[in-house]
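I am opening a notebook on this structure and will write down what I look up, one topic at a time.

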Amino acid sequence: MALSILCIAGPTASGKSARAVEEALARNGEIISVDSRQVYRGLDIGTEKITKEEMRGVPHHLIDIREVNEIYSAGDFVADATRLIEEISGRGKLPILVGGTHFYFDALLKGLPAGAAINPEFRTELEKLSTEELYARIFSEDARRASEIDPQNRRRLIRALEIISSLGSVPPRGSTTPPFGTRLNLVPEWIVINPPREELRARIDARLKQALGRGLIDEVRHVREKFGLPGQGDERLNELGLEYKIVGEFLNLEVELPSGSSTSKLFSALSAKLWQYARHQKSWLKKLSREII
RNA sequence: GCAUCGGUGGCGGAGUGGUCAAUCGCAACAGACUGUAAAUCUGUCGGGCAUAGCCCUACGAAGGUUCAAAUCCUUCCCGGUGCA
(Lines give C-alpha, C1' and ligand atoms only; values in the text may rest on other atoms or scores of the structure.)
Protein backbone atom coordinates (compact mmCIF):
# COMPACT_ATOMS: atom_id res chain seq x y z
CA MET A 1 0.00 0.00 0.00
CA ALA A 2 1.27 3.44 -0.90
CA LEU A 3 1.24 6.11 1.78
CA SER A 4 1.44 9.84 1.12
CA ILE A 5 3.64 11.93 3.31
CA LEU A 6 4.67 15.55 3.27
CA CYS A 7 8.37 16.26 3.81
CA ILE A 8 9.56 19.73 4.76
CA ALA A 9 13.30 20.27 4.63
CA GLY A 10 15.51 23.31 4.98
CA PRO A 11 18.49 24.74 6.80
CA THR A 12 18.49 25.90 10.38
CA ALA A 13 16.46 29.01 11.17
CA SER A 14 14.63 28.86 7.85
CA GLY A 15 11.20 28.69 9.44
CA LYS A 16 10.44 25.02 8.85
CA SER A 17 8.57 24.42 12.08
CA ALA A 18 6.12 27.25 11.61
CA ARG A 19 5.48 26.23 8.03
CA ALA A 20 4.85 22.68 9.13
CA VAL A 21 2.22 23.78 11.62
CA GLU A 22 0.45 25.79 8.94
CA GLU A 23 0.44 22.83 6.58
CA ALA A 24 -0.82 20.56 9.33
CA LEU A 25 -3.69 22.88 10.14
CA ALA A 26 -4.58 23.31 6.50
CA ARG A 27 -4.31 19.67 5.54
CA ASN A 28 -5.28 17.79 8.67
CA GLY A 29 -1.82 16.58 9.49
CA GLU A 30 0.37 15.46 12.35
CA ILE A 31 4.00 16.35 12.59
CA ILE A 32 6.95 14.03 12.88
CA SER A 33 10.15 15.82 13.85
CA VAL A 34 13.19 14.88 11.79
CA ASP A 35 15.79 16.21 14.14
CA SER A 36 18.53 14.24 15.79
CA ARG A 37 18.67 16.51 18.80
CA GLN A 38 15.11 17.45 19.54
CA VAL A 39 14.54 13.86 20.59
CA TYR A 40 16.37 14.71 23.82
CA ARG A 41 14.71 16.14 26.87
CA GLY A 42 16.40 19.22 28.23
CA LEU A 43 17.78 20.42 24.92
CA ASP A 44 15.22 23.13 24.35
CA ILE A 45 16.93 26.43 23.70
CA GLY A 46 19.94 25.08 21.82
CA THR A 47 17.82 23.02 19.46
CA GLU A 48 15.22 25.76 19.06
CA LYS A 49 12.55 23.27 20.01
CA ILE A 50 9.01 24.30 19.18
CA THR A 51 6.93 25.41 22.16
CA LYS A 52 3.50 24.17 23.16
CA GLU A 53 1.92 27.44 22.03
CA GLU A 54 3.68 27.35 18.68
CA MET A 55 2.33 23.85 18.07
CA ARG A 56 -1.18 25.34 17.98
CA GLY A 57 -2.72 22.05 18.95
CA VAL A 58 -1.06 20.05 16.20
CA PRO A 59 0.36 16.76 17.52
CA HIS A 60 4.16 16.62 17.31
CA HIS A 61 6.05 13.35 17.47
CA LEU A 62 9.64 12.33 18.19
CA ILE A 63 10.36 15.26 20.44
CA ASP A 64 11.51 14.70 24.02
CA ILE A 65 11.62 10.93 23.79
CA ARG A 66 15.11 10.29 25.17
CA GLU A 67 17.42 11.38 27.93
CA VAL A 68 20.62 13.09 26.84
CA ASN A 69 22.76 10.23 28.03
CA GLU A 70 20.87 7.79 25.83
CA ILE A 71 21.74 7.35 22.20
CA TYR A 72 19.23 7.82 19.44
CA SER A 73 20.30 6.70 16.01
CA ALA A 74 19.15 6.93 12.43
CA GLY A 75 17.98 3.33 12.76
CA ASP A 76 15.80 4.25 15.72
CA PHE A 77 14.39 7.09 13.70
CA VAL A 78 13.51 4.88 10.76
CA ALA A 79 11.71 2.45 13.05
CA ASP A 80 9.85 5.17 14.94
CA ALA A 81 8.95 7.17 11.87
CA THR A 82 7.73 4.09 10.03
CA ARG A 83 5.46 3.19 12.92
CA LEU A 84 4.16 6.74 13.25
CA ILE A 85 3.48 7.14 9.55
CA GLU A 86 1.33 4.05 9.63
CA GLU A 87 -0.51 5.19 12.71
CA ILE A 88 -1.15 8.70 11.49
CA SER A 89 -2.26 7.50 8.07
CA GLY A 90 -4.49 4.98 9.83
CA ARG A 91 -6.26 7.88 11.51
CA GLY A 92 -6.88 9.36 8.10
CA LYS A 93 -4.43 12.18 8.69
CA LEU A 94 -1.41 13.37 6.76
CA PRO A 95 2.02 12.60 8.22
CA ILE A 96 4.22 15.68 7.92
CA LEU A 97 7.94 15.17 8.39
CA VAL A 98 9.90 18.30 9.22
CA GLY A 99 13.46 18.81 10.25
CA GLY A 100 17.03 19.62 9.48
CA THR A 101 18.55 16.18 9.85
CA HIS A 102 18.63 15.33 6.21
CA PHE A 103 20.38 12.08 6.80
CA TYR A 104 17.28 10.86 8.60
CA PHE A 105 15.17 11.65 5.55
CA ASP A 106 17.67 9.70 3.51
CA ALA A 107 17.61 6.78 5.89
CA LEU A 108 13.83 6.66 5.95
CA LEU A 109 13.29 7.07 2.23
CA LYS A 110 16.16 5.00 0.91
CA GLY A 111 16.56 2.57 3.75
CA LEU A 112 19.44 1.42 5.88
CA PRO A 113 21.09 -1.97 6.01
CA ALA A 114 18.85 -4.12 8.20
CA GLY A 115 20.24 -6.59 10.69
CA ALA A 116 23.36 -4.57 11.43
CA ALA A 117 22.66 -2.97 14.76
CA ILE A 118 25.21 -1.00 16.72
CA ASN A 119 27.67 -3.21 18.54
CA PRO A 120 29.45 -1.20 21.24
CA GLU A 121 31.93 -3.91 22.23
CA PHE A 122 32.99 -4.44 18.64
CA ARG A 123 33.41 -0.69 18.21
CA THR A 124 35.62 -0.45 21.26
CA GLU A 125 37.68 -3.25 19.82
CA LEU A 126 38.05 -1.51 16.45
CA GLU A 127 38.80 1.80 18.10
CA LYS A 128 42.19 0.36 19.03
CA LEU A 129 43.23 -0.12 15.41
CA SER A 130 44.91 2.57 13.38
CA THR A 131 42.99 4.20 10.56
CA GLU A 132 45.19 2.42 8.01
CA GLU A 133 44.49 -0.94 9.62
CA LEU A 134 40.77 -0.29 9.59
CA TYR A 135 40.85 0.58 5.92
CA ALA A 136 43.01 -2.40 5.05
CA ARG A 137 40.54 -4.65 6.77
CA ILE A 138 37.61 -3.29 4.78
CA PHE A 139 39.68 -3.58 1.65
CA SER A 140 40.22 -7.29 2.19
CA GLU A 141 36.69 -8.06 3.35
CA ASP A 142 34.59 -5.85 1.08
CA ALA A 143 36.54 -4.31 -1.77
CA ARG A 144 33.44 -2.72 -3.20
CA ARG A 145 32.77 -0.69 -0.06
CA ALA A 146 36.46 0.09 0.27
CA SER A 147 36.45 1.67 -3.16
CA GLU A 148 33.84 4.26 -2.24
CA ILE A 149 34.48 4.94 1.43
CA ASP A 150 36.66 7.76 2.70
CA PRO A 151 39.84 6.07 3.99
CA GLN A 152 40.36 8.78 6.63
CA ASN A 153 36.93 8.73 8.16
CA ARG A 154 37.33 6.45 11.17
CA ARG A 155 33.71 6.66 12.17
CA ARG A 156 32.56 5.44 8.78
CA LEU A 157 35.29 2.85 8.62
CA ILE A 158 34.24 1.38 11.92
CA ARG A 159 30.59 1.38 10.97
CA ALA A 160 31.40 -0.36 7.69
CA LEU A 161 33.25 -3.10 9.53
CA GLU A 162 30.35 -3.41 11.91
CA ILE A 163 28.00 -4.01 9.00
CA ILE A 164 30.43 -6.42 7.39
CA SER A 165 30.71 -8.41 10.57
CA SER A 166 26.98 -9.07 10.70
CA LEU A 167 26.01 -9.09 7.03
CA GLY A 168 29.21 -10.22 5.35
CA SER A 169 29.41 -7.06 3.26
CA VAL A 170 27.93 -3.59 3.04
CA PRO A 171 24.87 -3.68 0.79
CA PRO A 172 25.40 -1.51 -2.30
CA ARG A 173 23.69 1.84 -2.14
CA GLY A 174 20.21 1.73 -3.54
CA SER A 175 19.74 -1.89 -2.62
CA THR A 176 18.79 -0.87 0.89
CA THR A 177 15.16 -0.30 0.05
CA PRO A 178 12.94 -3.23 1.10
CA PRO A 179 13.76 -5.77 2.34
CA PHE A 180 16.13 -3.38 4.13
CA GLY A 181 14.95 -0.30 5.92
CA THR A 182 11.37 0.83 5.93
CA ARG A 183 8.76 -1.60 4.70
CA LEU A 184 6.40 1.14 3.64
CA ASN A 185 5.89 2.32 0.12
CA LEU A 186 6.11 6.04 0.71
CA VAL A 187 5.07 8.69 -1.74
CA PRO A 188 6.73 11.88 -0.52
CA GLU A 189 5.70 15.35 -1.47
CA TRP A 190 8.44 17.90 -0.81
CA ILE A 191 8.54 21.43 0.44
CA VAL A 192 12.08 22.73 0.44
CA ILE A 193 12.67 26.00 2.23
CA ASN A 194 15.97 27.49 1.14
CA PRO A 195 16.31 31.19 1.90
CA PRO A 196 19.01 33.27 0.21
CA ARG A 197 22.35 33.58 1.96
CA GLU A 198 22.12 37.01 3.49
CA GLU A 199 18.62 36.49 4.74
CA LEU A 200 19.50 33.18 6.34
CA ARG A 201 22.59 34.61 8.01
CA ALA A 202 20.54 37.40 9.50
CA ARG A 203 17.92 34.96 10.74
CA ILE A 204 20.57 32.75 12.29
CA ASP A 205 22.13 35.64 14.19
CA ALA A 206 18.81 36.98 15.35
CA ARG A 207 17.80 33.59 16.62
CA LEU A 208 21.13 33.06 18.33
CA LYS A 209 20.82 36.36 20.14
CA GLN A 210 17.42 35.25 21.37
CA ALA A 211 18.71 31.88 22.47
CA LEU A 212 21.44 33.48 24.55
CA GLY A 213 18.87 35.80 26.06
CA ARG A 214 16.66 32.88 26.94
CA GLY A 215 19.42 31.19 28.90
CA LEU A 216 21.30 28.98 26.48
CA ILE A 217 24.40 29.04 28.67
CA ASP A 218 22.50 27.83 31.70
CA GLU A 219 20.90 25.10 29.67
CA VAL A 220 24.29 23.83 28.61
CA ARG A 221 25.49 24.00 32.19
CA HIS A 222 22.58 21.83 33.29
CA VAL A 223 23.11 19.32 30.54
CA ARG A 224 26.74 19.05 31.50
CA GLU A 225 25.93 18.57 35.16
CA LYS A 226 23.90 15.51 34.29
CA PHE A 227 27.14 13.78 33.52
CA GLY A 228 28.72 14.40 36.90
CA LEU A 229 32.32 15.41 36.47
CA PRO A 230 32.83 18.42 34.17
CA GLY A 231 35.27 16.69 31.87
CA GLN A 232 33.01 13.71 31.39
CA GLY A 233 30.17 15.54 29.75
CA ASP A 234 32.31 17.44 27.29
CA GLU A 235 32.54 14.59 24.83
CA ARG A 236 28.80 14.16 24.89
CA LEU A 237 28.28 17.90 24.53
CA ASN A 238 30.23 17.68 21.31
CA GLU A 239 27.87 15.01 20.05
CA LEU A 240 24.89 17.15 20.92
CA GLY A 241 25.89 19.76 18.42
CA LEU A 242 27.73 22.97 18.16
CA GLU A 243 25.80 25.14 20.56
CA TYR A 244 26.49 22.63 23.27
CA LYS A 245 30.08 22.08 22.24
CA ILE A 246 31.05 25.74 21.87
CA VAL A 247 29.22 26.90 24.96
CA GLY A 248 30.74 23.98 26.87
CA GLU A 249 34.21 25.12 25.87
CA PHE A 250 33.27 28.62 26.87
CA LEU A 251 32.19 27.40 30.30
CA ASN A 252 35.54 25.69 30.73
CA LEU A 253 37.36 28.93 29.98
CA GLU A 254 35.08 31.19 31.91
CA VAL A 255 36.83 30.68 35.24
CA GLU A 256 40.05 32.03 33.78
CA LEU A 257 38.58 35.02 32.00
CA PRO A 258 37.26 38.20 33.53
CA SER A 259 33.51 37.76 33.53
CA GLY A 260 31.69 39.06 30.50
CA SER A 261 34.79 39.78 28.49
CA SER A 262 34.34 36.82 26.23
CA THR A 263 30.63 36.96 25.57
CA SER A 264 30.96 38.65 22.22
CA LYS A 265 33.61 36.11 21.26
CA LEU A 266 31.17 33.39 22.12
CA PHE A 267 28.54 35.00 19.96
CA SER A 268 30.78 35.27 16.92
CA ALA A 269 32.14 31.77 17.36
CA LEU A 270 28.64 30.37 17.55
CA SER A 271 27.41 32.47 14.68
CA ALA A 272 30.24 31.21 12.49
CA LYS A 273 29.60 27.58 13.45
CA LEU A 274 25.90 27.91 12.86
CA TRP A 275 26.56 29.29 9.43
CA GLN A 276 28.91 26.42 8.63
CA TYR A 277 26.19 24.05 9.65
CA ALA A 278 23.62 25.84 7.53
CA ARG A 279 25.96 25.49 4.57
CA HIS A 280 26.26 21.77 5.13
CA GLN A 281 22.51 21.56 5.15
CA LYS A 282 22.35 23.54 1.95
CA SER A 283 24.65 21.04 0.36
CA TRP A 284 22.23 18.24 1.32
CA LEU A 285 19.43 20.29 -0.11
CA LYS A 286 21.30 20.66 -3.36
CA LYS A 287 21.58 16.93 -3.58
CA LEU A 288 17.99 16.49 -2.55
CA SER A 289 16.73 18.87 -5.22
CA ARG A 290 18.62 16.89 -7.84
CA GLU A 291 16.90 13.74 -6.68
CA ILE A 292 13.32 14.86 -6.25
CA ILE A 293 13.05 16.59 -9.59
C1' G B 1 62.91 59.50 29.26
C1' C B 2 65.71 54.82 30.29
C1' A B 3 65.40 49.46 30.17
C1' U B 4 63.24 45.27 28.14
C1' C B 5 60.19 42.03 25.08
C1' G B 6 57.65 42.05 20.67
C1' G B 7 55.56 43.70 15.43
C1' U B 8 54.83 37.40 10.19
C1' G B 9 49.01 35.88 5.59
C1' G B 10 41.50 37.90 7.38
C1' C B 11 42.76 36.47 12.88
C1' G B 12 45.81 33.63 16.44
C1' G B 13 50.56 31.78 16.24
C1' A B 14 55.38 28.81 14.38
C1' G B 15 59.85 29.78 11.87
C1' U B 16 65.35 32.86 14.00
C1' G B 17 70.95 33.12 7.68
C1' G B 18 69.82 29.07 2.29
C1' U B 19 65.44 23.06 1.23
C1' C B 20 60.11 29.70 2.94
C1' A B 21 54.75 31.78 -0.36
C1' A B 22 56.14 30.64 5.01
C1' U B 23 54.42 24.27 10.06
C1' C B 24 49.84 24.57 12.67
C1' G B 25 45.00 26.28 14.55
C1' C B 26 40.66 29.44 13.54
C1' A B 27 37.67 31.87 10.00
C1' A B 28 36.40 31.71 4.66
C1' C B 29 35.15 28.72 0.30
C1' A B 30 33.98 23.96 -2.13
C1' G B 31 32.61 18.87 -1.37
C1' A B 32 31.51 13.81 0.72
C1' C B 33 27.75 11.46 3.53
C1' U B 34 24.83 3.28 4.19
C1' G B 35 22.32 2.95 12.28
C1' U B 36 26.67 8.89 17.07
C1' A B 37 24.77 12.91 11.31
C1' A B 38 24.44 20.28 14.31
C1' A B 39 28.37 14.07 14.20
C1' U B 40 32.44 12.44 11.10
C1' C B 41 35.63 13.19 6.95
C1' U B 42 38.04 15.49 2.31
C1' G B 43 39.96 19.55 -0.85
C1' U B 44 41.28 24.91 -1.66
C1' C B 45 43.00 28.96 1.01
C1' G B 46 49.05 35.99 -1.00
C1' G B 47 48.27 37.41 -6.45
C1' G B 48 48.52 35.76 -11.67
C1' C B 49 48.79 31.88 -15.35
C1' A B 50 48.85 27.18 -19.98
C1' U B 51 47.68 25.17 -11.94
C1' A B 52 51.57 17.61 -9.91
C1' G B 53 54.50 23.35 -12.90
C1' C B 54 55.91 28.52 -13.74
C1' C B 55 56.03 33.91 -12.71
C1' C B 56 55.28 38.18 -9.42
C1' U B 57 54.74 40.62 -4.58
C1' A B 58 55.43 39.52 0.65
C1' C B 59 57.26 38.52 7.25
C1' G B 60 56.11 47.11 10.70
C1' A B 61 59.33 51.17 7.50
C1' A B 62 63.94 52.66 5.40
C1' G B 63 68.88 51.55 4.82
C1' G B 64 73.11 48.07 5.46
C1' U B 65 76.09 43.22 5.95
C1' U B 66 76.12 38.60 2.89
C1' C B 67 76.77 34.65 -2.90
C1' A B 68 72.01 34.29 0.06
C1' A B 69 67.93 37.68 5.19
C1' A B 70 61.34 36.85 7.92
C1' U B 71 65.94 35.43 10.26
C1' C B 72 72.25 39.47 11.46
C1' C B 73 73.38 45.17 12.05
C1' U B 74 71.67 50.58 12.18
C1' U B 75 67.91 54.23 12.47
C1' C B 76 62.81 55.26 12.63
C1' C B 77 57.48 54.07 13.59
C1' C B 78 53.92 51.16 16.59
C1' G B 79 52.44 47.89 20.96
C1' G B 80 53.20 45.20 25.88
C1' U B 81 55.97 45.25 30.46
C1' G B 82 59.38 47.26 34.28
C1' C B 83 61.93 51.60 36.32
C1' A B 84 61.82 56.70 36.67
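How many bridges join strand β1 to strand β5, and do the two run parallel or antiparallel? I looked this up first, keeping in mind that I am reading a predicted model. I found that 8 bridges join β1, residues 2-9, to β5, residues 185-192, and that the two strands run parallel.

Putting the strands in order, I read an open sheet of 5 strands, β3-β2-β4-β1-β5, with parallel pairing. The edges are β3 (60-61) and β5, and because each has a single partner strand, one side of each is left without a neighbour in the sheet.

**Entry on helices across the sheet.** Next I looked at which helices lie over these strands. Helix α1, residues 16-27, lies across β1, β2 (29-33), β4 and β5, and runs at about 175° to β4. Helix α3 lies across β1, β2, β3 and β4, and I noted an angle of about 145° between α3 and β4.

**Entry on the cores.** I looked up the largest nonpolar core, which has 48 residues, and the members that touch the most others are Ile8, Ile96, Leu97 and Leu108. A second, separate core has 9 residues, among them Leu134, Tyr135, Leu161 and Val170. I went back to isoleucine 96 and, leaving aside neighbours within four places in sequence, found contacts that include Leu6 and Ile8, Ala20, Glu23 and Ala24, and also Ile31 and Ile32.

**Entry on two single residues.** Is threonine 101 buried or exposed? Threonine 101 sits in the loop between β4 and α4 (102-110), and it counts as buried because it has 20 C-beta neighbours inside 10 Å. Beyond four places in sequence, threonine 101 is in contact with Val34, Asp35 and Ser36. I then looked up proline 120, which has its place in helix α5, residues 120-127, and which counts as exposed because it has 9 C-beta neighbours inside 10 Å. Serine 130 is 10 residues from proline 120 along the chain, and their C-alpha atoms are separated by 18 Å.

**Entry on the RNA.** Last, I asked which residues come nearest to RNA strand B. There are 48 residues around RNA strand B, and Ser73, Gly75, Phe103, Gln152 and Gly241 come nearest. The elements giving two or more residues to this surface are α3 (74-90), α8 (154-167), α11 (230-239), α12 (242-254) and α13 (263-292). Of these, α13 gives the most, with 10 residues. Sorted by class, the surface near RNA strand B has 19 nonpolar, 15 polar and 14 charged residues. I note finally that α3 belongs to two of my entries, lying across β1, β2, β3 and β4 and giving residues to the surface near RNA strand B.

Key. Residues are numbered from 1 along each chain as its sequence is written. Chains are lettered from A and ligands numbered from 1 in the order in which they are written. This is a predicted model: local features need pLDDT of at least 70, side-chain atom pairs count only at pLDDT 80 or more; totals for chains, interfaces and linings use all residues. A residue is near a molecule or strand if its C-beta atom, placed from the backbone, lies within 6 Å of it. Helices (H or I, at least four residues) and strands (E, at least two) are DSSP runs, numbered from the N terminus. Ala, Val, Leu, Ile, Met, Phe, Trp, Tyr, Cys and Pro count as nonpolar, Asp, Glu, Lys and Arg as charged, and the others, Gly among them, as polar. Two strands pair if DSSP finds at least two bridges between them. A residue is buried if 20 or more other C-beta atoms lie within 10 Å of its own, exposed if 12 or fewer, and partly exposed in between; C-beta atoms are placed from the backbone. Two residues are in contact if their C-beta atoms, placed from the backbone, lie within 7 Å. Axes are lines fitted to C-alpha atoms, for helices over the stretch in contact, and angles run from 0 to 180 degrees between N-to-C directions. A nonpolar core is a set of buried Ala, Val, Leu, Ile, Met, Phe, Trp, Tyr and Cys residues joined through C-beta atoms within 7 Å.
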